[in-house]
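Visitor: I have some questions about a structure. Could you take me through it, one piece at a time?

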Amino acid sequence: MKFIADFHVHSKFSIATAKNLDLENLYIAAQLKGIKVVGTGDFTHPGWFSEIKEKLVPAEEGLFKLKEAISSKCDAHVPPSCRDQVRFILVSEISNIYKKKNKTRKNHNLVFVPDLSIVERFNKKLEKIGNIKSDGRPILGLDARNLFEILLETSEQNYLIPAHIWTPWFSILGSKSGFDSIDECFEDLTHQIFAIETGLSSDPPMNRRVSALDGLTLVSNSDAHSPLKVGREANIFDTELSYSAIKSAIKSGDPKRFLGTFEFFPEEGKYHLDGHRKCNVRLNPKESMKQGGKCPVCGKPLTLGVLYRVEELSDRAEGATPQKKHPFYSIVPLTEILAEIFRVGSGSKKVQQGYHGLLDKLGPEFEILHSLKTQTIDKSGVPLLGEAIRRMRAKEIFINPGYDGEFGKIKIFKEDEREKLLGQKSLFVLPASDSFKKNKKTTCDARLKKGKKHQKFIKKHSLTTTASKSREKGILFGELNEEQRKAVLYNDGPLLIVAGPGTGKTRTLTHKVAYLVCQEKVSSEQVLAMTFTNKAAQEMRDRLRSMMPDSEPLPRASTFHSFCLEILKTHEGVNISKFSGIIDENDRKTLILEAVKKVEKNGVKITKPPLFFLDRVIAAKQMLRGLTDNFKTIVDNSETEMFSAVYASYQLLLEIQGLYDYEDLIFKVVGLFEKNKAVRRKYQEQYRYVLVDEYQDLNYGQYRIVQTLVPPEKPHQNLCVIGDPDQSIYGFRGSDVKYFKRFLREYPKTKVIRLTRNYRSTETILEASHQVINNYSTSSSESRIYSGINGVRTIGVLEANTAKGEAVAVGKMIEKLVGGIGFHSIDFNKVDDENHEGSRGFSRTMKDHGDFQILLFCIEPGSRARSLPRLLIVPVFPIRLQAKKPFLIIKVSGIFFLF
């Protein structure tokens, strides 16, 4: 069965879409176009999914149809010549905006699902990650690879197709925020990507120039934001009507089942060429390269279009024909053809009347554009229509290409020939003249032939440091400033590095480790670098691997907790044989609740809530207080009895199940070191060089670990710690900056080096922050940091009269800083040019690094704490909430709002 399908559409719940974009109008539009299968779009949105469940019923396997009562009413608005069955397939677009390899990635992906129950399960998973209620196309701070993994875990029948893969701002290969290959994005799941969407600004021949896309089926869809835009691109099938048959045809690329695509002329797409819309500058890639990627009028970066990006990644000459290819047919929407013939706008009443009149006489739009003989079209009563469609099919048209968000303009007739044709009342097909054949090259023919890549331009504007790469003693010292270099080279006893924000703490620490191993020939097994998070430890390992020879084993770079767990697993005397895992925060709450219940059953009166005891148990372990120790500083005297009972019950429950909580790891290792002299000596002798990151965040237990590994009385005190006493942030974990201050007293021979060059902030920010913290700083005035980075010379103060006004202002600011959250941001000039090149993005969870923190203090947090998160849904950010007394923290997937 031959049919046409358009999978990529939206709903009225998406930003910048028509109010009438509902299932009824999608059904009507599909019939007018001649489309058999249309995507539902936006099924992740609760409101739209509710309409899907209410209005659609199952049809063929994995497909749906409008309920009879609804479809019969809609059919009344469709000419009899166009009426046909329409099926819906569950497809939704998801926007992924996230950081990967220190660059913000913004790509859109189509997800296909065969069943409503699977959609529900999938939506529940996404709802835990981000805000899916704010926009039909939700924005998630989620790696596209991880989105795909979640999709496949929900059901193996699901599949994903990267959307409009070349558009600069929001696509997998886009010049502004994409990757250079599909493999970079989807990594180990790349083999399960079997199709890509070409988008309006590219066509199959452009994609065929990139051999890495061989083997992938090229699909095309409309990305419709209004009903009449449905079908401006579409796919042609010859299969049975079912979800599995459609998937199989796309996956296999079988030319007998997937028959090809209907395509926009790519020059008509709004990101085909390069340019700068504000300055009315439009350039082809060669001209852009000559300009160094900058606008010749204002000097700001050009928006490099799809053709430029294809040329950049191509490894084939124009016209290459890979083994796997399908036919394609370039079309111009019928309303645009009529608009030129009638010399009015495509949305005018005259065009709409003519459009519906033609459908009533001739049938669906795709039949008129593709199938009907021009002699039949000539009889429609519209002058020049048959000739216009003949020229479109032969690609004998003129196009002023699109650029920087502006759609291209198509022209079919020259003025002189148009008047001539009309004057002769020529309603029949005229043969193309020889002069026209000689000059029928459109802007398609102006595509660049394969030549030299613009590597000089890329190199010139690369973010890679231009510092000297000369090696000194095996280390890239060209990447270090003078202060960092001194810290790396110092190797004569304890070292305290006072490093303010953005001064390169991790860079300095990893260079020091590499220097010890590669130059000082210290065995990797004798070096231990410790930090606080798995992410920080992994970053250390990644940096070390990039600096050290592959043959050299990496020194241990670990968190305190993973280091202690390894010790507990290794040594006898610790009941690790029954160890079955480490409980997380939720399990810990469950266990403390059970402990409280058991204590109450034993007759102890409990007057405090379970979380009171959990907080105190954590504090006790962080202070290394065991069951028989004094709890004076932990609880009041009146609470000691019940706390001791709950603590003992909690520990018994852990022991019975062979479980540890995070505090146990350090608590038990300190005890092991104290009781077992041989074990203590083993680790002191093994790790002759100990380096500790973020030293200001040590709690008492971690402090004791460091003191044990490198005791002050030890002859060789090869201990290096780095941190900033003004940045202690883990007070809730028991950290205390006093251990930072005590370092000089305990290790009197300590060398102090201060890092004062900031690489992150402008001088305005640094000066303002210094004024704020100067009177409260624990550091000396020598710690004042500088960057030399010039920026806006003032700090803006925004005052809002209402919570709603505040939320809107915050949302607009974030939208600008992230460089736009959707095509509407770019097209409607909501983003300044200087923000286009930004690298700010969102993250998936509270634990992940995010680029935005907004801290507000509320004297009366109740009303605003409730209203602001709700109002921030309007700017479609994926919001997360976490309460912290006396503050409330709201996270917009990497953005924190603290009240």
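**Salt bridges, a helix and a pocket**

Guide: Arg-588 and Glu-585 both sit in helix α23, three residues apart, about one turn of the helix. Keep in mind that this is a predicted model.

Visitor: What joins the side chains of Arg-588 and Glu-585?

Guide: Side chains of opposite charge can pair when their charged atoms come close. An α-helix has 3.6 residues a turn, so residues three or four places apart point the same way. For Arg-588 and Glu-585 the N to O distance is 3.1 Å, and the contact is a salt bridge.

Visitor: Is Arg-588 buried or exposed?

Guide: The cut-off for buried is under 20% relative accessible area. Arg-588 has 7%, so Arg-588 is buried.

Visitor: How many residues apart in sequence are the parts tied together by Glu-187 and Lys-100?

Guide: The two side chains form a salt bridge at 2.7 Å, N to O. Glu-187 lies in the loop between α6 and β9, and Lys-100 lies in strand β5, so the pair ties together parts 87 residues apart.

Visitor: How many salt bridges does a search of the whole structure find?

Guide: The pair Glu-187 and Lys-100 is a salt bridge. The search of the whole structure gives 30.

Visitor: Which elements do the buried residues of α25 pack against?

Guide: Helix α25 covers residues 640-657 and reaches 26 Å from its first C-alpha to its last. Its buried residues include Met-642, Phe-643 and Leu-654. They pack against α23, α24, β22 and α26.

Visitor: Which residue follows α25?

Guide: Helix α25 has 18 residues, 640-657. The residue that follows has a positive phi, near 65 degrees, and is Gly-658.

Visitor: Which element gives the largest share of the lining of the second largest pocket?

Guide: That pocket has a volume of about 1,200 Å³. Of its 50 lining residues, the closest to the centre are Lys-229, Arg-232, Phe-264, Glu-336 and Phe-407. By class, the lining has 20 nonpolar, 16 polar and 14 charged residues. The largest share, five residues, comes from α11.

How values were computed. Residues are numbered from 1 along each chain as its sequence is written. This is a predicted model: local features need pLDDT of at least 70, side-chain atom pairs count only at pLDDT 80 or more; totals for chains, interfaces and linings use all residues. Side-chain values use heavy atoms; hydrogens and water are left out. Helices (H or I, at least four residues) and strands (E, at least two) are DSSP runs, numbered from the N terminus. The expected span of a helix is 1.5 Å times one less than its number of residues. Buried means under 20% relative accessible area, exposed over 50%, partly exposed in between (1.4 Å probe, protein chains only). Contact means heavy atoms within 4.5 Å. On a 1 Å grid over the protein atoms alone, a cavity is a set of points where a 1.4 Å probe fits but cannot get out, and a pocket is an open set with protein on both sides within 12 Å along at least five of seven lines; lining residues have an atom within 4 Å of a point. Grid points are joined across faces, edges and corners, and a volume is the space filled by probe spheres set on the points. Ala, Val, Leu, Ile, Met, Phe, Trp, Tyr, Cys and Pro count as nonpolar, Asp, Glu, Lys and Arg as charged, and the others, Gly among them, as polar. A salt bridge is a side-chain nitrogen of Lys or Arg within 4 Å of a carboxyl oxygen of Asp or Glu.
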